[in-house]
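Hello,

Here is the structure I said I would pass on. Please open it first, then read my notes below.

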Amino acid sequence: MARLVLSLDGQVLAEYNMSKERYTVGRLPDNDIRIDNPAVSGHHALVINILNDSFLEDLNSTNGTYVNGKIIKKHALQDDDVITVGHHTLRFVDGEGDEPADEFEKTMVISSRDAARMAVPPPPPPPPQAAGAGAGMGPQGAFANGALPKAKLQVLSGQFAGRELELVKTLTTLGRPGVQVAAITRRADGFYIVHVESGTEGDFPQVNGAPIGPQARKLHDNDVVQLAGVKMGFFVN
Amino acid sequence: MRHKGKFRCVGVTDTGRVRDHNEDTFGTDANIGLVVLADGMGGYKAGEVASGITVRTIMGLVKDAVDREDLGQRDEETGLTRPAILLRDAIQRANKIINQTAKTQANCEGMGTTVVAGLFFDDKLTIAHVGDSRLYRMRDGRLEQVTQDHSLLQELVARGFYTPEEAGRASAKNYVTRALGVDQAVEVEITELPVLKDDVYLLCSDGLSDMVEDDDIQLTISTFGANLETLAKQLVMLSNDNGGRDNISIVLVKVLESFPAQRRVIDRLLGMFA
């Protein structure tokens, strides 16, 4: 369970377990966390706990609420954040280590009333773009570079024979629209060729003389790809 | 209203690499321009019961209505279009059925589902959604998320606690704040937008949007946009390559031609004198 550790001049004064949804911080006696000091406003700040996350909001205090030295109005609390109100500090400890964290659990429903209980004005219209859709996927994301194999195509026939194309992108489109188009996708385990479109239904690219069909086909070193009448060799570097 | 030949629709659903069964359901009807996708949740098999009821109910009710009424009317009191009212009412009907089923069948207790549905009519798309299943639009090579999730995370972003970038790293990804089946009534969000020829619309469950970044979805659509079947397969493959931690469902609609409504003769005549 998350908790707040109240200190003054390095001396711990009290610890508060975040066992309920809202904790007010202020000078007046009706606060959950009361700090009786003239530098603290009557109702200074508010901590809201939702599921495993905690949020801090300044309640228009006279002297402001600071997190790690920066003044804030609203802030999503993270482990070890130090909140300053007046001369006192509240250190936030998220207690995540207490429970096993499986962030990708099944979707659950919570009542929107829970979310609505947060003491904040109705939301402004959200920005049109994705709200962090899939952001932070990190380096394991589909198109992360890294230790992927390197490969190239070399044209073997026609007027461009000898020309090379390094396959550095995650998706490389080849061919001529209206005639035959294919794409080469680079995945963790290698390169695949996929049919995209052709002028004639069912006219698929060929690998080593055999049509690949509608499925993705993995490419191996020295494979010969034939597309829109042009032959290309596939070579792993 | 018949839309034969105006759209190409493709749907796929995949269990992913972690779950042992698939709780998603989708439905498409290119003739009337209707697409529906639902991501169910609940123990045992209840998730697919909920998403299945939802897709069947919406497909059935909307098709009946499209066959027998004029969708060009607008409700005088609320200003809502007929497609908006049809989708909303059908979703609310599905909600009641799921809620009732959950109460009366022991192994369906607590089941629920998200839904996103789109109805194409008169060069417009009407979208109704509940929960975190999404609709994206690809136009001129740019992907745009049209629906906003009804999720805790999205609410926190809207309230200013997180920036969208921080939200991607946040822990509370998988809490939806609205779902079908949970309560007697459900609030349905409606969005309407004009449609252009060559637009591609993507409906998906969070098994895609949580696993694949928007930029990667955009690149994949621009590469494979000419071939919806392959595009759908590639998107599923990307989700699975990234871990496939949830069921993945994808519905794609490509607009081949504009589809203005046929005005009734009497309206056209009146229009001449207006």
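**Helix 2 of chain B**

Start with the buried side of helix 2 of chain B. The buried residues are B:Arg82, B:Pro83, B:Ala84, B:Leu86, B:Leu87, B:Ala90, B:Ile91, B:Ala94, B:Asn95, B:Ile98, B:Asn99 and B:Ala102. Bear in mind that this is a predicted model.

What do these buried residues pack against? Their partners in chain B are helix 1 (46-68), strand 4 (112-121), strand 5 (124-130) and strand 9 (189-194).

Helix 2 covers residues 82-104 of chain B, 23 residues in total. From first C-alpha to last it reaches 33 Å, close to the 33 Å expected at 1.5 Å a residue.

**Helices 6 and 7 of chain B**

Next, a helix pair. Helix 6 (residues 214-224) and helix 7 (residues 228-241) of chain B have axes that come within 9 Å and cross at roughly 155°. Angles over 145 degrees count as roughly antiparallel, so helix 6 of chain B is roughly antiparallel to helix 7 of chain B. Their crossing is right-handed.

Helix 6 of chain B makes the contact through B:Asp216, B:Ile217, B:Thr220, B:Ile221 and B:Phe224. Helix 7 of chain B brings B:Thr230, B:Leu231, B:Gln234, B:Leu235 and B:Leu238. By type, the contact residues of the two helices are 6 nonpolar, 3 polar and 1 charged.

**Chain A**

Chain A has 22 strands and 1 helix. It has 237 residues, and 28% of them count as buried. Take the contacts in chain A with a separation of 6 or more: 36% of them join residues 24 or more positions apart.

Best wishes

Technical notes. Residues numbered from 1 in each chain as written. Chains lettered and ligands numbered in written order. Predicted model: local features only at pLDDT ≥ 70, side-chain atom pairs only at ≥ 80, totals over all residues. Helix = DSSP H or I, 4+ residues; strand = E, 2+ residues; numbered from the N terminus. Expected span 1.5 Å × (residues − 1). Buried ≥ 20, exposed ≤ 12 C-beta atoms within 10 Å, placed from the backbone. Contact = placed C-beta atoms within 7 Å. Axes fitted to C-alpha atoms, helices over the stretch in contact; angles between N-to-C directions. Parallel < 35°, antiparallel > 145°, perpendicular 65-115°, else oblique. Left-handed = near helix turned anticlockwise from the far one by under 90°. Nonpolar A, V, L, I, M, F, W, Y, C, P; charged D, E, K, R; others polar.
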